[in-house]
There are 2 protein chains.
Amino acid sequence: MGDTEVRGRVDSTSNTVDGGKRERILRAAVKVFAQKGYFGSRVSDIAEEAGIAYGLVYHYFKNKEELLLALFQESWDLLLRRIREVRASPLGAREKLRQIAAFLLKGFRADPERMEVLVVEVIRSSKILKGQTLEMIREAFHLLEEIVEEGKREGVVRKDLDSRLATSILYGALDQIITDWVLGLYPRRRDEEELALEMVDRIILGGMTPPART
Amino acid sequence: MGDTEVRGRVDSTSNTVDGGKRERILRAAVKVFAQKGYFGSRVSDIAEEAGIAYGLVYHYFKNKEELLLALFQESWDLLLRRIREVRASPLGAREKLRQIAAFLLKGFRADPERMEVLVVEVIRSSKILKGQTLEMIREAFHLLEEIVEEGKREGVVRKDLDSRLATSILYGALDQIITDWVLGLYPRRRDEEELALEMVDRIILGGMTPPART
DNA sequence: ATGCTTGTTGATTGACCAGTCAATCTACCG
DNA sequence: CGGTAGATTGACTGGTCAATCAACAAGCAT
């Protein structure tokens, strides 16, 4: 997940030192933020986890907040990409939504700590979210909303639903399932992700489809 | 909402001074936390908002964290009470779930700042949530789960659903809707709460009911 | 009155930590 | 080489703020 190397130096000339330090810092930040939360984490913790000197963090990032923002943008961008990709695919609307749900739920298995930071630290911090960031969230929701609209046109989604609220309901359900996992509220079963996906499909996607003609 | 007076002195003898200072502090904390977030709030902000001296906060609460905890417990206790009340009522399972959903969504209208702190700040501090607190969350979820089980027995909920996940899906949807409102992601419409309730009912509660016999 | 308990005050303390900076190092270039 | 530009280091600083505390007030009991 997220192996896009973004170097200190943008042009590919010179620079043999560095060795992807920026990436190292980001990965360390994910780990530390996930463990202690954003405010509970010291920049020195991150530096230590990354195995670099304290000051170097400030060579790559303006400050602690930028670090969290970069983290969010990188991860959310991945989600956005996937949503766009699915949206453009020739699948039916319901299957599209299912694919996106799967991406989020599987994403947790792939990189739980990153998901924890995303879900727990970033999305809820309206005080941190700035224009750029809010815009990315809005866009994801907007794209999902369009898929719901598409579903209405296809006849697989009830026309008496508010697409925006339907989108929030779907996203919220997924977010909560991941939060449950993060908080360790319940013992995880094997195939937990598959089961969760199935339940979301049955309840929410099922709940969106028009009632069978009688 | 939440007018249960809890005095510094527990027994009702003596104590004519005080004048509900503890309550004042709690209400001030709700306001300040909602505005600036837990970590962004200074204890002095809360004291100021409450119109009392800095040190007095520490007369009523062990520390800043206890304040957040007390806030959470007070509010969550209200939710728990309501869930128990509804659960014990003679309503059908689907109507029970609807009532609880309504309580949460209307609760936002009644005291948006309190809901904001609950939804945004508390979950975020999974690192702060201690045994006692986690237990309360678990209990609420457990009660909801039992109502879902009840629905299965009544035949208004599909038997092929995992009750626990169904519960998380319902709660998550509600939580997200409130989060949307808190973040101001969308312009609020009039009757937003009613519409939201209706959508949750159609999609999720509807999605839980067994498919019509063909 | 006298003393005890609880309430109330706000200045002070002490810890903590984000961010800076001057120094050193590494690589590359002409 | 000698020079330049970025990379890397970690000690230090300055500000912030949670928590303490000593002093004073208010109510109550005897």
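Me: Which elements of chain A give two or more residues to the side that touches chain B, and which gives the most?

Reply: The contact between the chains takes 42 residues from chain A and 42 from chain B. On the chain A side, the elements giving two or more residues are α6 (112-122), α8 (163-183) and α9 (192-208). The top contributor, with 15 residues, is α8(A).

Me: What is the make-up by class of the side of chain A that touches chain B?

Reply: Ten residues on that side are polar and ten are charged. The nonpolar residues there number 22.

Me: Why can we say that the copies meet through the same surface?

Reply: Look at which interface residues of chain A are also interface residues in chain B. The copies meet through the same surface because that share is 98%.

**Inside chain A**

Me: How many helices and strands are there in chain A?

Reply: From the N terminus on, the elements run α-α-α-α-α-α-α-α-α. The C-alpha trace spans about 70 × 40 × 30 Å along its principal axes. The count for chain A is nine helices and zero strands.

Me: How far apart are the C-alpha centres of the two domains of chain A?

Reply: Chain A is divided into domain 1 (17-61) and domain 2 (65-208). The distance between their C-alpha centres is 27 Å.

Me: And how many residues does each domain give to the contact between them, and of what class on the domain 1 side?

Reply: The contact takes nine residues from domain 1 of chain A and ten residues from domain 2 of chain A. On the domain 1 side, one residue is polar, one is charged and seven are nonpolar.

Me: Is A:Ala29 buried or exposed?

Reply: A:Ala29 sits in helix α1 (residues 21-36) of chain A. Beyond neighbours within four places in sequence, A:Ala29 is in contact with A:Ile46, A:Leu67 and A:Leu71. The cut-off for burial is 20 or more other C-beta atoms within 10 Å. A:Ala29 has 27 such neighbours, so A:Ala29 counts as buried.

Me: What do the buried residues of α6(A) pack against?

Reply: Nine of the eleven residues of α6(A) are buried, among them A:Met115, A:Leu118 and A:Val122. Their partners within chain A are α1, α4 (64-88), α5 (93-110) and α8. They also pack against an element of the other chain, α6 (112-124) of chain B.

Me: Where in chain A is the pLDDT below 50?

Reply: Chain A has a mean pLDDT of 89, and 91% of its residues reach 70 or more. Where pLDDT is low, the predicted coordinates should not be read in detail. The stretch with pLDDT below 50, which has 18 contacts beyond near neighbours in sequence, is residues 1-15 of chain A.

How values were computed
Residues numbered from 1 in each chain as written. Chains lettered and ligands numbered in written order. Predicted model: local features only at pLDDT ≥ 70, side-chain atom pairs only at ≥ 80, totals over all residues. Contact = placed C-beta atoms within 7 Å. Helix = DSSP H or I, 4+ residues; strand = E, 2+ residues; numbered from the N terminus. Nonpolar A, V, L, I, M, F, W, Y, C, P; charged D, E, K, R; others polar. Domains from an automatic or database assignment. pLDDT = per-residue confidence, 0-100. Buried ≥ 20, exposed ≤ 12 C-beta atoms within 10 Å, placed from the backbone.
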